[in-house]
Amino acid sequence: MMKKKLAVISTACLLILASDPVSSYATPDSSSDILDQPTSVTNEDVKAIFDSLYQEGYSLGEEDGYAEKKFEQFDQTTGLDKSSEEFTWFMMGYTVGYKKGQQQKEEELKTEQENEMAAGEEEGYQQGILDYKHATIQSEIAPFPSKSSDWNKGYVQGYKKAISLMDLSVKAKKEGYDQGLENDSMSVPSMYDDEDVTRQAFTEGFETAQAEVLNQQKKQFEKQGYVQGYHDLSLKVPAQAEGELQTAFEQGYEKGQKQKQKDVKADGYDSAFTYQTYRAPKSLQDKPELVKWYKAGFYSNKDVKSLQQKAYKDGWKLGKEMSVPKKYKQNKAAVAMYKKYFEQGQKKQDKTVSHILLGSGIVLTLVALITLWRLRRRKNEETTLDS
């Protein structure tokens, strides 16, 4: 009898597990006489019995489904205390529970796999970025034995994604740079806007070009301002020069003013070598500010008298060749003055020598020889100065 009932239970289990548990789930009604209960049993009593049997089977099935082992919780006595109808309800719960446990296990495994892949992908991505920057890209990626297969799979995907994005970022930066040279407003193409790396590369290229354009414009406006300031024109900033461009123009103007002042002062300084007394150039008569600088340069020259005296003494000395001090060799006005007073010294020397020779009764032919020698030496000195 026991063997016969076990055979019936096994057959029922297989049939129920092979069927759709949802469609098999039905609460018995009062017409069921399977339980062979007394007429005093109500519908509520039957439903309570059904729910209890169903829940009992569901709990066992959920455990077996999670372990993926059918009937693991069953033993030789399972179902012997139940009628065929009761066992059917019990197996309904078991079947649904088994599917639920199995599904839960699959979802946990899937989540674990996804987490492993995500962790590997993140590490592979970061390593790919570093390798790209250091030009050490790996053509073949060796697996990590200590990591799971899902982690290694994610690592490879992340590494390749990084390399692909970095290649695209190079292109994005170039296109951003080109756009920055042509336009003042940035418009990131959709193919670069989806990823932070490519969007940042495009932005960097654009901003680099914009900075270069601005620097070039600043140089141009600074040059214009310099020319305006150097020619002593009143400051007039161009209408298109705004912000940093206006600042650059004004800085250029100031530099031009300072250079003009320096050059006019230098002209005044040089004029002191040419003229004994101060005289304002006619070209500056209607420019009082320039006249002031010119005059300041003239009176700043304290070297005129000492250079005159040196030139005269050098010329007076017998056998002394003309040699402009190194400090003044690049100053044409100073060289011209030195030459003038050197020659005056020579003339004075000639007169003195002639007086001495004549007073001593020396033959005039000797004087002629000395004079000839002087002329030749002077000619050689002039040739040296001209060169």
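How many residues apart are Tyr269 and Phe273 in helix 8 (residues 244-274)? They are four apart, so about one helical turn separates them. Helices here are DSSP runs of H or I, at least four residues, numbered from the N terminus.

This is a predicted model, in which local features need pLDDT of at least 70, side-chain atom pairs count only at pLDDT 80 or more, and totals for chains, interfaces and linings use all residues. Residues are numbered from 1 along each chain as its sequence is written, and side-chain values use heavy atoms, with hydrogens and water left out.

Confidence next. Mean pLDDT (the predictor's confidence in each residue, from 0 to 100) is 82 for the protein chain, with 80% of residues at 70 or more. Residues 1-12 stay under 50, and residues 29-35 are below 50 too. Where pLDDT is low, the predicted coordinates should not be read in detail.

Back to the rings. Rings of Phe, Tyr and Trp (its six-membered ring) pair if their centres lie within 6.5 Å; planes under 30 degrees apart are stacked, over 60 edge-to-face, the rest tilted. The structure holds 22 such pairs. Tyr269 and Phe273 make an edge-to-face one, 5.6 Å centre to centre with 85° between the planes. Phe273 counts as buried because its relative accessibility is 4%; buried means under 20% relative accessible area, exposed over 50%, partly exposed in between (1.4 Å probe, protein chains only).

Ring pairs also join Phe71, Phe74, Phe87, Phe90, Tyr94 and Tyr98 into a cluster.

Last, helix 3 (residues 43-67). Its buried residues include Val46, Phe50 and Leu53. Glu68 follows helix 3 with a positive phi, near 55°.

Notes. Helices (H or I, at least four residues) and strands (E, at least two) are DSSP runs, numbered from the N terminus. Contact means heavy atoms within 4.5 Å.
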